[in-house]
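Thanks for making time this morning; I would like to walk through a few local features with you. Please have the sequence and the model open as I talk.

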Amino acid sequence: LRIEWCKSRARATRWVEEVQLLQEEMRRVAAYLLWHATWWDVQADCRAGLALAEVEGIRGYAKRQAAVRRDLHDTFLIKWGAVNGTF
């Protein structure tokens, strides 16, 4: 009976650790998406020496990529908030 209790306790401890790791991974993904959106915003304005049409195209692409990252971030926070309530 003690052996079963020890095995059961070890399983419970592993599951607690797994939940903690998953929550940390979720936090890191959210932080990365915000960082990546900011990076794309910077990329939108750092090209020089190009024709106006090229600059506008690059800026539009970069702004769209930043918006995609922010939308992913917001969507993940909504979905993950329902899971653990910390976001």
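Predicted model: local features only at pLDDT ≥ 70, side-chain atom pairs only at ≥ 80, totals over all residues.

Leaving aside residues up to four places away in sequence, Q43 touches I58 and A62, where contact means heavy atoms within 4.5 Å. Q43 lies in helix α1, helices here being DSSP runs of H or I with at least four residues, numbered from the N terminus. With a relative accessible area of 15%, Q43 is buried, which by the cut-offs means under 20%, while exposed means over 50% and partly exposed is in between, using a 1.4 Å probe and protein chains only.

Residues are numbered from 1 along each chain as its sequence is written, and side-chain values use heavy atoms, with hydrogens and water left out.

Staying with helix α1, which covers residues 2–44, we find Y32 there, and Y32 is partly exposed at a relative accessible area of 43%.

Turning to helix α2, residues 52–84, we come to V68, which counts as partly exposed at 28% relative accessibility. V68 and A37 are 31 residues apart in sequence, yet their C-alpha atoms are 7.9 Å apart in space.

Finally, how many disulfides are there? The count comes to zero, taking a disulfide as a pair of cysteine sulfur atoms within 2.5 Å. As for cysteines, C6 is partly exposed at 45% relative accessibility, and C46 is partly exposed at 38%.

Methods: Helix = DSSP H or I, 4+ residues; strand = E, 2+ residues; numbered from the N terminus.
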